[in-house]
Amino acid sequence: MTQDIQFQIECLEAELAEMLMAEYGWDIHRAPDELYSSITFAKLNDPECGLYYQGAVYIFQFLKSEIETGNVA
């Protein structure tokens with residue numbers, strides 16, 4: 001994984017964690033824990049998947065679906 005890709009992923013991680021806190025009222029500890037343990041996050045970290053090219057709002061829809069239904073949409 002290149003440094004550019006890693007940087008994009010790290011920026012998305014921060015945005016997604018903030019979105020989780022806003023959406024679910026989670027604290028600064030729970031939001032990253034939930035994010036890092038998700039299938040969505042695993043896909044985000046797979047350069048071949050290309051999810052890191054998408055915006056945080058788009059990725060958040062997958063993450064939200066996974067949290068609420070147990071399935072990645």
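This is a chat about the salt bridges, cysteines, core and last helix of a predicted model.

Trainee: What should I know before I start?
Mentor: The model is predicted, so local features need pLDDT of at least 70, side-chain atom pairs count only at pLDDT 80 or more, and totals for chains, interfaces and linings use all residues. Residues are numbered from 1 along each chain as its sequence is written, and side-chain values use heavy atoms, with hydrogens and water left out.

Trainee: How many salt bridges are there in the whole structure?
Mentor: The search finds 2. A salt bridge here is a side-chain nitrogen of Lys or Arg within 4 Å of a carboxyl oxygen of Asp or Glu.

Trainee: Which residue pairs with E23?
Mentor: K64 does. Their closest N and O atoms are 3.0 Å apart.

Trainee: Where do E23 and K64 sit in the chain?
Mentor: E23 is in helix α1, residues 3–24. K64 is in helix α4, residues 56–69. They are 41 residues apart, and the pair links distant parts of the chain. Helices are DSSP runs of H or I with at least four residues, numbered from the N terminus.

Trainee: How accessible are E23 and K64?
Mentor: E23 is partly exposed at 40% relative accessibility. K64 is also partly exposed, at 23%. The scale: buried is under 20% relative accessible area, exposed is over 50%, partly exposed is in between (1.4 Å probe, protein chains only).

Trainee: And what does R30 pair with?
Mentor: E34, in a salt bridge with 3.3 Å from N to O. Both are in helix α2, residues 30–36. They are 4 residues apart, so about one helical turn separates them.

Trainee: Why does that spacing matter in a helix?
Mentor: An α-helix has 3.6 residues a turn, so residues three or four places apart point the same way.

Trainee: New topic. How many disulfides does the structure hold?
Mentor: It holds 0. The cut-off is a pair of cysteine sulfur atoms within 2.5 Å. C11 is in no disulfide, and its nearest cysteine sulfur, on C49, is 18 Å away. C11 is partly exposed at 32% relative accessible area. C49 is partly exposed at 42%.

Trainee: Which residues touch the most other members of the largest nonpolar core?
Mentor: L12, L16, L20, L35, L44, Y52 and I59, out of 17 residues. A nonpolar core is a set of buried Ala, Val, Leu, Ile, Met, Phe, Trp, Tyr and Cys residues joined through side-chain atoms within 4.5 Å.

Trainee: Which element gives the most to this core?
Mentor: α1, with 6 residues. The elements giving two or more residues are α1, α2, α3 (39–44) and α4.

Trainee: What is L16 in contact with?
Mentor: Leaving aside neighbours within four places in sequence, L16 contacts L35, L44, A56, I59 and F60. Contact means heavy atoms within 4.5 Å.

Trainee: Back to α4. Which of its residues are buried?
Mentor: A56, I59, F60, L63, S65 and E66. The buried residues of α4 pack against α1, α2 and α3.

Trainee: How far does α4 reach?
Mentor: Its 14 residues reach 20 Å from first C-alpha to last, close to the 20 Å expected at 1.5 Å a residue. The expected span is 1.5 Å times one less than the number of residues.

Trainee: What does the side chain of S65 lie 3.2 Å from?
Mentor: A polar atom of that side chain lies 3.2 Å from the backbone oxygen of N71. S65 counts as buried, at 19% relative accessibility.

Trainee: What follows α4?
Mentor: G70, with a positive phi near 85°.

Key. Polar contact = N/O pair within 3.5 Å; in protein donor to acceptor, adjacent residues only side chain to side chain.
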